[in-house]
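Please give me a tour of this model in the viewer, saying what to select at each stop and what is found there.

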Amino acid sequence: MSWDIAPLFVRKDDQIEGMTYLLTLCVRVMTLIEFVVQRSLKEEKTGLSGVHPENRRKIKEKPSAERILKAFSRISLTIITDQAGNVIVRSLKTLSNLQREIIQRLNLDPFAYFFCSLMNFQLPVLA
């Protein structure tokens, strides 16, 4: 899997320490996602179809965290504002069946996903 991330250079000790903590946290979260989904699949003696990019019909009993997260790579939230910054339209891409199943297997509430489109947050202004 390619992450398409630009190189990041850290020089100060506190930056190195912070980056190490962040990467460690990411690995823990990915491990937890993989473990919870695989345990759910094992308990039900089933697998996930649609996580294998070369063959969407192939059923994976032990999908990797990378494949699980890749299933969410096409999610998008579109926010259209007027010149004053008032939100005119918010559009959140609908979840696929695979995405809904993964969310269910992670014991998460699917409403949390849709709640993101309702949140009133400020987007950073790009100069």
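Start with the lining of the largest pocket, which by class has five nonpolar, six polar and five charged residues (nonpolar: Ala, Val, Leu, Ile, Met, Phe, Trp, Tyr, Cys and Pro; charged: Asp, Glu, Lys and Arg; polar: the others, Gly among them). The volume of this pocket is about 310 Å³. A pocket is an open set of points on a 1 Å grid over the protein atoms alone where a 1.4 Å probe fits, with protein on both sides within 12 Å along at least five of seven lines; lining residues have an atom within 4 Å of a point. Volume is the space filled by probe spheres set on the points, which are joined across faces, edges and corners.

The model is predicted: local features need pLDDT of at least 70, side-chain atom pairs count only at pLDDT 80 or more, and totals for chains, interfaces and linings use all residues. Residues are numbered from 1 along each chain as its sequence is written, and side-chain values use heavy atoms, without hydrogens and water.

Next, select R105. Its side chain meets that of E44 in a salt bridge at 3.3 Å, N to O (a side-chain nitrogen of Lys or Arg within 4 Å of a carboxyl oxygen of Asp or Glu). E44 sits in the loop between α1 (13-43) and β1 (48-49), 61 residues from R105 in helix α3.

Shared partners join E44, E101 and R105 into one network.

Notes: Helix = DSSP H or I, 4+ residues; strand = E, 2+ residues; numbered from the N terminus.
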